[in-house]
Amino acid sequence: MNKKQEQPSRAWIEINSKNLIHNILQIKSVIPTNCQIMAVIKANAYGHGMLETAKILSEIGISNFAVATIEEGIKLRKNNIRGNILVLGYTHFDKLEQIIKYDLIQTIVDYDYAKKISKLSLKEKIKAHLKVNTGMNRLGENYKNIDNIKKIYNLKNIQILGVYTHLCVSDNREKEAINFTNQQITNFYNLIDNLTTSGYNVGKIHFQASYGILNYPNLKCDYVRPGIIMYGINSSKNNSTVKKISLKPVLSLKARITSIKEIDKNESVGYGRLFTAQKKMKIATISIGYADGYPCALSLKKAKVLINKQYAEVIGRICMDQLMIDVSNIKKLNQGSIVTLIGERKFISAEEIAEKAGLSSYELLSRLGNRLKRIVIK
Ligand SMILES: *Cc1c(COP(=O)(O)O)cnc(C)c1O
């Protein structure tokens with residue numbers, strides 16, 4: 001651990017770059033050799049810090065990135081991230097010049113969008129990947145509309161460099177979900193074949209996010225788009241996959257103890273007096289709250305935190321900027337001591353905390369707030 005970097009006084013996130021690199025190597029071990037990773041770093045890299053994450057990935061040779069919004073793409077460019085940057089979401093027409101200016105790749109979300117782009121007066125062609133809807137029904141031109149899809153390739157202002165789809169139940173191992181996913185994949189490949197035999201250069205093809213990679217491996221593609229597993233996290237606590245890889249969580253959420261006090265039996269703690277001491281006890285206040293993304297839903301759920309390798313329970317209602325814990329049995333405790341709220345250990349893994357809070361691990365992580373400094377541990 002890089003001890004030289006100063007730890008903030010309140011609350012922060014540590015990014016373990018070794019674990020991120022480990023996860024990338026694990027993902028590489030289960031994808032075809034000529035397929036590349038397109039790292040999904042949208043939503044501040046699932047809370048990990050988009051720039052911090054992109055820098056580590058760039059240093060190990062990752063040169064394809066996916067973001068949700070044009071603003072995220074521009075931020076990467078302004079911070080000297082090179083390579084291909086695909087914007088997965090819709091960009092409004094009056095912003096499209098910026099796609100050109102910052103050398104981003106825009107997703108063509110459907111035929112109507114493409115037609116409207118073709119009517120604009122733009123300095124150059126927009127680099128684009130065409131999204132195809134094979135069943136998710138979120139974005140993409142329906143795979144059945146082959147004539148429209150072919151037209152998109154020939155429209156003015158658009159240079160199609162790739163075509164992709166998104167699987168919507170690839171994490172589910174029930175028979176019906178597997179059938180549905182296989183149908184999505186078949187429909188996608190059939191479309192690619194049709195386009196290719198009609199003489200179109202389809203460009204790069206891709207369709208697998210994390211669970212597509214682990215459950216539908218060895219399929220021909222140019223890119224895979226891992227998000228959650230790159231961060232070393234499973235989508236939920238108990239999911240088994242066809243390919244099993246060892247994942248190491250990249251993120252730790254930390255805060256400090258700000259005050260330690262003793263309370264008597266029958267004294268209450270926090271807003272609403274939701275917790276009452278059953279006996280004399282020692283409690284501590286920590287400088288993190290729900291505005292930082294530690295879910296208020298964990299109040300009264302016996303969520304645990306880690307201090308000096310010992311577990312303590314959250315008590316009372318979690319506040320906006322602070323929360324209280326029971327430290328009656330914790331040894332070696334000081335004002336300023338560091339507490340880990342999410343991290344690699346049992347009970348505090350992102351999967352377990354998310355489950356306790358009634359969230360997916362995606363939602364838990366992507367809500368981690370921007371007050372938290374991201375510190376990279378080499
Ligand atoms: C978010 C997203 C991904 C990454 O999904 P994970 O499940 O985190 O791997 C990939 N592709 C698209 C289109 C996405 O929106």
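Helices (H or I, at least four residues) and strands (E, at least two) are DSSP runs, numbered from the N terminus. Select Met324 to see a case: Met324 lies in strand β18. This is a predicted model, in which local features need pLDDT of at least 70 and side-chain atom pairs count only at pLDDT 80 or more, while totals for chains, interfaces and linings use all residues. Residues are numbered from 1 along each chain as its sequence is written, and side-chain values use heavy atoms, with hydrogens and water left out.

**The whole chain**

Zoom out. The chain has eleven helices and 20 strands. Along the principal axes, its C-alpha atoms fill a box of roughly 80 × 45 × 40 Å. Of the 378 residues in the chain, 52% are buried. Here buried means under 20% relative accessible area, exposed means over 50%, and partly exposed is in between (1.4 Å probe, protein chains only).

Return to Met324, which is buried because its relative accessible area is 12%. Met324 and Phe188 are 136 residues apart along the chain, and their C-alpha atoms are separated by 52 Å.

**The ligand**

Select the ligand next. Which residues come nearest to the ligand? Of the 13 residues around it, these are Lys42, Tyr46, Ser210, Ile228 and Tyr362. A residue is counted as near a molecule if one of its heavy atoms lies within 4 Å of it. The shell divides into seven nonpolar, three polar and three charged residues. In this sorting, Ala, Val, Leu, Ile, Met, Phe, Trp, Tyr, Cys and Pro count as nonpolar, Asp, Glu, Lys and Arg as charged, and the others, Gly among them, as polar.

Show the side chains of Lys42 and Tyr46. An N or O atom in the Lys42 side chain is 2.7 Å from an oxygen atom of the ligand. For the Tyr46 side chain, the distance from an N or O atom to a ligand oxygen is 2.5 Å. Then show the backbone of Gly227, where a polar atom is 2.8 Å from an oxygen atom of the ligand. The protein covers 91% of the 390 Å² of accessible area that the ligand has on its own; such areas come from the Shrake-Rupley method with a 1.4 Å probe, and for residues only the protein chains shown count as cover.

Select Asn23, in helix α1 (residues 17-28). Is Asn23 buried or exposed? Asn23 counts as buried, because its relative accessibility is 0%. A polar atom of the Asn23 side chain lies 3.0 Å from the backbone oxygen of Met230.

Move to Thr107, in strand β6. Thr107 is buried too, with a relative accessible area of 0%. Its side chain makes a polar contact with the side chain of Tyr164, at 2.7 Å. A polar contact is a pair of N or O atoms within 3.5 Å; within protein, one must be able to donate a hydrogen and the other to accept it, and residues adjacent in sequence count only if both atoms are side-chain atoms.

**Positive phi angles**

Most residues other than glycine have a negative phi, and most peptide bonds are trans. Select Asp103, in the loop between α5 (96-101) and β6 (105-108). Phi of Asp103 is positive, near 50°. Asp103 is partly exposed, because its relative accessible area is 38%.

Go on to Lys332, in the loop between β18 (323-326) and β19 (338-342). Phi of Lys332 is also positive, near 55°. Lys332 counts as exposed, at 70% relative accessibility.

Select Asn234, in the loop between β11 (223-224) and β12 (251-263). Asn234 counts as partly exposed, at 22% relative accessibility. How far apart in space are Asn234 and Ala350? They are 8.6 Å apart, C-alpha to C-alpha, and 116 residues apart in sequence.

Finish at Ile348, in the loop between β19 and α10 (350-357). At 0% relative accessibility, Ile348 is buried.
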